[in-house]
Structures are given as structure tokens and as C-alpha cells.
Amino acid sequence: MYQQMIFVNLPVNDLDASKRFFTELGYTINPQFSDEKAASVVISDTIFAMLLTKPFYATFTKKEVADATTTSEVLVCLSAESREKVDELVGKAIAAGGTESGETQDHGFMYGRAFDDLDGHTWEIMWMDPAAVQG
């Protein structure tokens with residue numbers, strides 16, 4: 001059965017620093033789709049973050065490239081398997097140079113936190129009780 005994939009393309013200021021940041025979170029870089037202008041971060045079998053140098057990113061759009069440290073262009077939300085995994089990943093992000101973003105959201109059946117990566121892109125990490133999803 002076909003599984004749809006997502007490739008989130010993000011402009012970055014320092015490709016090597018961004019690669020180090022994401023590998024410190026436990027993700028890998030796929031060298032087959034990486035070079036001096038881009039890095040393919042493997043988040044899961046179907047989720048990839050394409051880190052593109054700002055000049056390279058600009059070749060894909062006629063729009064101005066946003067400065068994610070001052071403008072919100074996207075909120076990327078990833079699921080986690082538990083509340084503890086939410087805290088673990090956000091903790092790793094902060095230790096790797098990211099910054100916590102916003103307040104912890106705790107609704108009992110749903111728990112989430114967020115961090116900004118080195119370039120200001122916001123990553124929300126959330127857990128939802130499977131029993132609550134089943135209704």
C-alpha cells in the first residue's frame with residue numbers, strides 16, 4: 001500500500017550547524033539527498049526535513065524568504081509516543097542550541113511543548129492519549 005510522504009523544506013543560515021542540531025536530536029542525514037546546499041533529515045520513514053541554504057531555497061520561490069526568527073512562516077508539529085518522549089525531544093533540542101517556544105500545553109489527554117531550531121523554525125511536539133482519539 002502506498003504511504004504518502006512529507007518533505008518540509010526549510011531555509012537555514014548555516015547548513016553544517018543545522019545538520020549537527022538535528023543529529024543531536026537523534027535524527028539521521030540521508031547522504032543520497034544531501035550536498036553542500038541541502039541536507040535531507042530523516043525524521044521517520046515518511047517524514048523528512050529538507051534543510052536548504054537560503055540562496056538555494058530562494059531558487060524554489062519568487063517570494064521573499066522569511067526570517068523565521070522574526071516572522072512565523074510555518075509551525076511543524078510532530079507526534080510523540082508519550083509525554084516523556086515529548087519532554088525528551090524538547091530537552092535534546094534545547095541542549096543542542098534550540099530555544100523553548102511558548103508554554104507547555106497540558107490538557108490531560110493531550111500534552112505538548114515546542115522549540116525553535118537554530119534558524120527560528122518552530123517545532124511542536126505533542127502526545128495524545130490514543131483512547132481520546134478513538135472517541
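I count rings of Phe, Tyr and Trp (its six-membered ring) as a pair if their centres lie within 6.5 Å; planes under 30 degrees apart are stacked, over 60 edge-to-face, and the rest tilted. By this rule I get five aromatic pairs.

The model is predicted, and I use local features only at pLDDT of at least 70 and side-chain atom pairs only at pLDDT 80 or more, while totals for chains, interfaces and linings use all residues. Residues are numbered from 1 along each chain as its sequence is written, and side-chain values use heavy atoms, with hydrogens and water left out.

I looked up Phe21 and Phe115: the ring centres are 6.1 Å apart and the planes at 55°, so this pair is tilted. Phe21 lies in helix α1 and Phe115 in strand β8, so the pair ties together parts 94 residues apart in sequence (helices, H or I, at least four residues, and strands, E, at least two, are DSSP runs numbered from the N terminus). Both Phe21 and Phe115 are buried (under 20% relative accessible area; exposed is over 50%, partly exposed in between; 1.4 Å probe, protein chains only).

Phe56 and Phe60 have ring centres 5.1 Å apart and planes at 80°, so I log the pair as edge-to-face. Phe56 is partly exposed at 22%, and Phe60 is exposed at 58%.

I also noted that ring pairs link Phe21, Phe22, Phe115 and Trp123 into a cluster.

Last, I checked Arg83, which lies over the face of Tyr111 at 4.3 Å from the ring centre (the rule: NZ of Lys or CZ of Arg within 6 Å of the ring centre and within 35 degrees of the ring normal).
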